[in-house]
Amino acid sequence: MVPYRFYLAIMEQVILKEAIELTGLREQERSGPLYKHLASVLKKLIQQDVLPAGSALPPERELAEMLDIGRVTVRSAYKILADQRLIETRHGSGRFIAERPARISQPLWKLTSFSQAILARGKQPEAKTLDIKIDYPSADEAQILQIERSAQIVRLHRLRLVDQMPLALEWAVVPRHYLGDELDNIRSLYKAFMAQGYEPVRAQQRFQAVALDTKNAQLLKTPPNAPALLIERVSYLATGEVVELTRTMYRGDAYDFVAELSIDEHHDR
């Protein structure tokens, strides 16, 4: 850990003073409370990794004296950052920049499972089952899955993590006959399919920008109303049968999807 005296000197001489000058924290024409502007300055430094995860923040009194502002102003700014899960308090040690997942990119032109995509990047995937049960499909689900309303399905709700950091929430609906009897031991849906002799070969995906409600935000350790990407995937076997309907909600601050586009060779240029 960086010694506090050294860290404070860096903060005083470089980071905070430069940030104040660049953002015009003290300018008369600024609008809104000073504590909100201070929180905005610190948030930008965190997002730019100028204040890296795990580094300590000065105590309220120290930062207030450094900036010649009220201690209440600093306390209010810190509260905003804490509410946004950007900083955390460690009892007896002070306030620190919270850990956050590194951004992960996944190409759209290749069909891979979540676990495969994460392992390919040298990271450790993990799945925590929040709920699993045998049920019957809704009318919409039966139509998408191309099954009868009387056919059994498995509903699987999981929290997906990368290097122990929550990254996505997943709701999967799978026709019961595509899975084995050991439902509680499912770690990867695609491996479970393969174990039963079924291999998804193509999929259709729909994307939608959403805001996280309070419950899902708590599970993903983000502020309520944080941006997320909701993806609906319908996967098919080589026979054309639908093997899964999965809706996955990804943290907007941690996951990127990359599409490669090219001009049709017959296109008029």
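This is a predicted model: local features need pLDDT of at least 70, side-chain atom pairs count only at pLDDT 80 or more; totals for chains, interfaces and linings use all residues.
**Entry 1: N225**

I looked up N225 and found this residue exposed, because its relative accessible area of 60% is over the 50% limit. I located N225 in the loop between α8 (214-220) and β8 (227-236). I then read its backbone angle: phi is positive, at about 70 degrees, although N225 is not a glycine.

**Entry 2: Q146**

Is Q146 buried or exposed? I recorded a relative accessible area of 52%, so Q146 counts as exposed.

**Entry 3: confidence and overall make-up**

The mean pLDDT is 82, and 77% of the residues reach 70 or more. Where is confidence lowest, and where is it highest? Helix α1 (residues 4-23) has the lowest mean, 54, whereas helix α6 (residues 139-145) has the highest, 97.

The chain has eight helices and ten strands. Of its 269 residues, 40% are buried. Among contacts with a separation of 6 or more, 60% join residues 24 or more positions apart.

**Entry 4: D49**

I found D49 in the loop between α2 and α3 (60-67). Its relative accessible area is 49%, which means that D49 is partly exposed. I compared its place in sequence with its place in space: D49 and I97 are separated by 48 residues in sequence, and their C-alpha atoms are 10.0 Å apart.

I placed T73 in helix α4 (residues 71-83). Its relative accessibility is 18%, and because buried means under 20%, T73 counts as buried. Which residues does T73 touch, leaving out those up to four places away in sequence? I listed L34, Y35 and L38.

The axes of helix α2 (residues 34-47) and α4 come within 8 Å and cross at roughly 50 degrees. The two helices are therefore oblique to each other. Their crossing is right-handed. Sorted by class, the contact has ten nonpolar, two polar and two charged residues.

**Entry 5: the contact of α3 with α4**

I then looked up α3 against α4. Their axes are 8 Å apart, and the helices pack at an angle of about 120 degrees. That angle makes α3 oblique to α4. The crossing of α3 and α4 is right-handed. From α3, the contact draws on E60, R61, L63 and A64, and from α4 on R71, V74, R75 and Y78. How do the residues of this contact divide by class? I recorded four nonpolar, no polar and four charged residues.

**Entry 6: reading the two contacts together**

Methods: Residues are numbered from 1 along each chain as its sequence is written. Side-chain values use heavy atoms; hydrogens and water are left out. pLDDT is the predictor's confidence in each residue, from 0 to 100. Helices (H or I, at least four residues) and strands (E, at least two) are DSSP runs, numbered from the N terminus. Buried means under 20% relative accessible area, exposed over 50%, partly exposed in between (1.4 Å probe, protein chains only). Contact means heavy atoms within 4.5 Å. Axes are lines fitted to C-alpha atoms, for helices over the stretch in contact, and angles run from 0 to 180 degrees between N-to-C directions. Angles under 35 degrees count as roughly parallel, over 145 as roughly antiparallel, 65 to 115 as roughly perpendicular and the rest as oblique. A crossing is left-handed if the near helix is turned anticlockwise from the far one by less than a right angle, and right-handed if clockwise. Ala, Val, Leu, Ile, Met, Phe, Trp, Tyr, Cys and Pro count as nonpolar, Asp, Glu, Lys and Arg as charged, and the others, Gly among them, as polar.
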